[in-house]
Amino acid sequence: MGHDHGHTHGHASERALLVAFCISAGILLAEVVGAVLTGSLALLVDAGHMVVDTGGLGIGLVATRLARRTPTARRTWGYQRAEVLGATAQAAILLAVGVYVVISAVQRLFVPEDVAAGPLLVFGVVGLVGNLVAYAVLLRASGVGFTSRAARLEVLNDTLGSVAVIVAAVVLALTGWERADSVAALLIGVLIIPRAVRLLRETADVLLEATPRGLDLDAVRGHMLELDHVIAVHDLHATLVATGVPNLTAHVVVDDHCFTTSHAPRILDELQRCVAEHFDVPVEHSTFQLEPASHRRHEHDVHA
């Protein structure tokens with residue numbers, strides 16, 4: 001039942017990404033036309049942002065499809081980490097776009113150009129409506145995975161960008177202040193950068209096999225040591241394969257007599273139940289190497 005639910009949810013996320021991709025592509029085309037007609041930097045910057053985001057949604061779509069592939073003898077985790085690679089690429093591109101936007105906007109502040117306020121407003125509204133629809137679709141159907149979060153982040157940034165364009169158009173129409181367009185572009189860049197950095201940092205942690213967020217290995221070790229007959233725990237590692245797939249391994253030193261009685265299998269069951277049920281981040285994929293205390297002298301390189 002759980003597998004069927006995950007399979008169905010995967011298809012729902014994929015459909016949501018496809019809808020968002022099509023909407024973003026349509027908005028991109030409209031904004032390119034609008035930027036040419038109005039001469040707006042904010043609209044041009046948002047169109048450039050849309051190029052990246054539309055490509056990012058395409059990456060997310062491919063990554064989601066790859067992540068559902070069945071594991072093989074060569075790829076024992078399948079392509080689950082494809083979502084992390086895809087989200088990393090999206091975040092890196094978003095960061096580059098954000099920096100470029102800020103630089104361009106600052107330059108335009110010193111040398112403003114004429115912008116047609118009326119058409120700018122029209123294209124801003126078109127972009128806002130399309131992005132709101134795309135965000136609603138993603139919010140309803142997408143999960144908490146890196147790919148889903150990256151997609152929602154991109155569409156949310158596009159939505160905020162459209163709002164900035166609309167505000168710039170209104171200010172320009174009412175006051176004639178030409179720098180409003182550049183300020184809007186600068187705002188779009190400022191909104192992009194911190195979100196992109198945060199997502200990039202999180203995906204980099206996964207690729208560097210850092211301990212999953214919310215899992216305290218000191219607490220895990222302490223709880224394992226409370227079990228009967230457990231003497232020590234070393235080479236304790238925890239990583240995140242993909243969203244919702246933490247993996248934990250450890251060498252557990254137990255009393256020698258546990259291997260001549262029925263204690264060893266029971267200790268193994270208790271260890272697996274401990275990491276799967278006791279902590280805020282349940283770990284269902286765990287591997288434990290049980291070692292007698294006398295084996296420790298054979299361990300050439302013991303890590304904490």
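A residue is termed buried when its relative accessible area is under 20%, exposed when that area is over 50%, and partly exposed in between, as judged with a 1.4 Å probe on protein chains only. The structure is a predicted model, in which local features need pLDDT of at least 70 and side-chain atom pairs count only at pLDDT 80 or more, while totals for chains, interfaces and linings use all residues. Residues are numbered from 1 along each chain as its sequence is written, and side-chain values use heavy atoms, with hydrogens and water left out.

The protein chain contains 8 helices and 3 strands, where helices (H or I, at least four residues) and strands (E, at least two) are DSSP runs numbered from the N terminus. Along the sequence these elements follow the order α-α-α-α-α-α-α-β-β-α-β. Of the 304 residues of the protein chain, 45% are buried. The accessible surface, computed by the Shrake-Rupley method with a 1.4 Å probe and, for residues, with only the protein chains shown counting as cover, comes to about 15,100 Å². Carbon and sulfur atoms contribute 63% of this surface. A contact is defined by heavy atoms within 4.5 Å. Among the contacts in the protein chain with a separation of 6 or more, 75% are made by residues 24 or more positions apart.

Helix α6 spans residues 180-207 and includes V206. V206 has a relative accessible area of 4% and is therefore buried. The C-alpha atoms of V206 and V241 are separated by 7.2 Å, although the two residues are 35 apart along the chain. S182 also belongs to helix α6; its relative accessibility is 1%, so S182 counts as buried. When neighbours within four places in sequence are set aside, S182 is in contact with L41, A105, R108 and L109.

Two strands are taken to pair if DSSP finds at least two bridges between them; β1 and strand β2 (residues 245-254) pair in the antiparallel sense over 9 bridges. Within this pairing, H234 stands opposite H251 in β2. The hairpin of β1 and β2 has 2 residues between the strands, and G244 there takes a positive phi near 80°.

Most residues other than glycine have a negative phi. H229 is located in the loop between α7 (217-225) and β1, whereas D235 lies in strand β1. H229 is partly exposed because its relative accessible area is 26%; D235, at 11%, is buried.

Rolling a probe the size of a water molecule over the atoms shows where empty space is left. On a 1 Å grid over the protein atoms alone, a cavity is a set of points where a 1.4 Å probe fits but cannot get out, and a pocket is an open set with protein on both sides within 12 Å along at least five of seven lines; lining residues have an atom within 4 Å of a point. The second largest pocket holds about 180 Å³ of space, the volume being that filled by probe spheres set on the points, which are joined across faces, edges and corners. Its lining consists of W77, Q80, G244, V245, P246, P282, E284 and H285. These residues divide into 4 nonpolar, 3 polar and 1 charged, where Ala, Val, Leu, Ile, Met, Phe, Trp, Tyr, Cys and Pro count as nonpolar, Asp, Glu, Lys and Arg as charged, and the others, Gly among them, as polar.
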